Amino acid sequence: MIDWENVANTNGIEIDEIVGVDPSVGMMAVGKTKIPHRTFVEAGAEDMPIDDESVDILSISYGIRNVVKRKEGLKEFARVLKKDGLCVILEFTKNEKKNLPAKLTKFYMNNLMPHIGGLVSKNKDAYTYLP
């Protein structure tokens, strides 16, 4: 959310409203400390309390993997986006290579990320299945 706001400000674009939607109260608490002037709503991607065709940009970063009902989530994204709205999904996939960077990434994802993510979100289980 901060990045979208910074890019808009740099380019002279006025943003009326930014709403953070997350099912994790812990993650929203982190967001509120970083950008307290924005609105946060506790909800899942599959059932957002947002009006039809009311969103210009919808972005999700490293979170689509946490959407259990992905098809319903994507339908919900389409429902809330305006006709010419933009949906940005930032995600990564598992590296099948066996080189050093792949091994370091695997170690990080399996051994460090669950602890770090769990501390921030208070939900370690949400990070234990990552690639």
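These legends describe close-up views of a predicted model. Local features need pLDDT of at least 70 and side-chain atom pairs count only at pLDDT 80 or more, while totals for chains, interfaces and linings use all residues. Residues are numbered from 1 along each chain as its sequence is written, and side-chain values use heavy atoms, with hydrogens and water left out.

**View A. S3, H3 and S4 make a right-handed β-α-β unit.** Helices (H or I, at least four residues) and strands (E, at least two) are DSSP runs, numbered from the N terminus. A crossover is right-handed if, with the strands pointing away from the viewer, the path from the first strand over the helix to the second runs clockwise. S3 pairs with S4 (residues 81-90) in the parallel sense over six bridges; two strands pair if DSSP finds at least two bridges between them. Cysteine 87 in S4 is the bridge partner of leucine 58.

**View B. Arginine 38 and glutamate 5 form a salt bridge (2.8 Å, N to O).** A salt bridge is a side-chain nitrogen of Lys or Arg within 4 Å of a carboxyl oxygen of Asp or Glu. Arginine 38 lies in the loop between H2 and S2 and glutamate 5 in H1, so the pair ties together parts 33 residues apart in sequence. Both residues are buried (under 20% relative accessible area; exposed is over 50%, partly exposed in between; 1.4 Å probe, protein chains only).

**View C. Arginine 79 and glutamate 76 form a salt bridge (2.7 Å, N to O).** They are three residues apart in helix H3, and therefore separated by about one helical turn. Arginine 79 is partly exposed at 25% relative accessibility, whereas glutamate 76 is buried at 8%. Salt bridges that share partners join Asp52, Glu76 and Arg79 into one network.
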